[in-house]
Amino acid sequence: MVAKVPKKKFTEEQAQVILELGKQGASQKAMYAAIGISKDTAARLKKDDEFFAETMSLATTYGQAYWENMMLANLDNKGFNSRIAEIALRGQYPEDY
């Protein structure tokens with residue numbers, strides 16, 4: 001039998017970590033890993049914790065803006081692979097592309 005892991009409260013400190021990672025363009029899974037939660041726990045928290053849900057929404061917005069700005073800043077840079085950036089954006093934000 002597997003012991004149940006007690007539910008943890010999402011903290012302001014964890015929110016700051018997630019928001020900073022979002023500003024750096026990190027994926028949601030990288031954000032989850034940074035605060036030590038699984039994808040399943042994150043899904044539960046998104047439903048049960050309004051603070052977590054809003055933090056993730058804002059961090060995801062920051063991440064998307066980061067990558068869009070990166071693409072715009074490198075329009076004339078021949079060494080920048082915009083196709084890979086486009087594929088990454090579509091993978092991370094499929095609802096928008």
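**Entry 1: G22**

I started with G22, which lies in helix α1. I take helices as DSSP runs (H or I, at least four residues), numbered from the N terminus. The model is predicted, so I kept to the rule that local features need pLDDT of at least 70 and side-chain atom pairs pLDDT 80 or more, while totals for chains, interfaces and linings use all residues. Residues are numbered from 1 along each chain as its sequence is written, and side-chain values use heavy atoms, with hydrogens and water left out.

Is G22 buried or exposed? I found it buried, with a relative accessible area of 0%. My cut-offs: buried is under 20% relative accessible area, exposed is over 50%, and partly exposed is in between (1.4 Å probe, protein chains only).

Next I looked up what G22 touches. Contact means heavy atoms within 4.5 Å. Leaving aside neighbours within four places in sequence, G22 is in contact with M31, A59, Y62, G63 and Y66. I also checked G22 against M56, 34 residues apart along the chain. Their C-alpha atoms are separated by 8.6 Å.

**Entry 2: α1 against α4**

Helix α1 covers residues 12-23 and helix α4 covers residues 50-73. Their axes come within 7 Å and cross at roughly 20°. That makes α1 roughly parallel to α4. Axes here are lines fitted to C-alpha atoms, for helices over the stretch in contact, and angles run from 0 to 180 degrees between N-to-C directions. Under 35 degrees counts as roughly parallel, over 145 as roughly antiparallel, 65 to 115 as roughly perpendicular, and the rest as oblique.

Which residues make the contact? From α1 I listed E12, A15, I18, L19, G22 and K23. From α4 I listed F51, F52, T55, M56, L58, A59, Y62, G63 and Y66. I sorted them: ten are nonpolar, three polar and two charged. Ala, Val, Leu, Ile, Met, Phe, Trp, Tyr, Cys and Pro count as nonpolar, Asp, Glu, Lys and Arg as charged, and the others, Gly among them, as polar.

I35 lies in helix α2, residues 28-35. I35 is buried at 13% relative accessible area. Not counting residues up to four places away in sequence, I35 touches F10, Q14, V17, I18 and F52. I compared I35 with G25, ten residues apart in sequence. From C-alpha to C-alpha, the two are 16 Å apart in space.

T60 lies in helix α4. T60 counts as buried too, at 14% relative accessibility. I noted that T60 touches Q28 and Y93, again not counting residues up to four places away in sequence.

**Entry 3: salt bridges**

How many salt bridges does a search of the whole structure find? I got two. A salt bridge is a side-chain nitrogen of Lys or Arg within 4 Å of a carboxyl oxygen of Asp or Glu.

One joins R83 and E86, at 3.2 Å from N to O. These two are three residues apart in helix α5 (residues 82-92), so about one helical turn separates them. R90 also forms a salt bridge with E86, with the closest N and O atoms 2.9 Å apart. R90 and E86 are four residues apart in α5, so they too are separated by about one helical turn.

I wrote the three down as a network: R83, E86 and R90 are linked by salt bridges. R83 is partly exposed at 45%. E86 is partly exposed at 27%. R90 is partly exposed at 45%.
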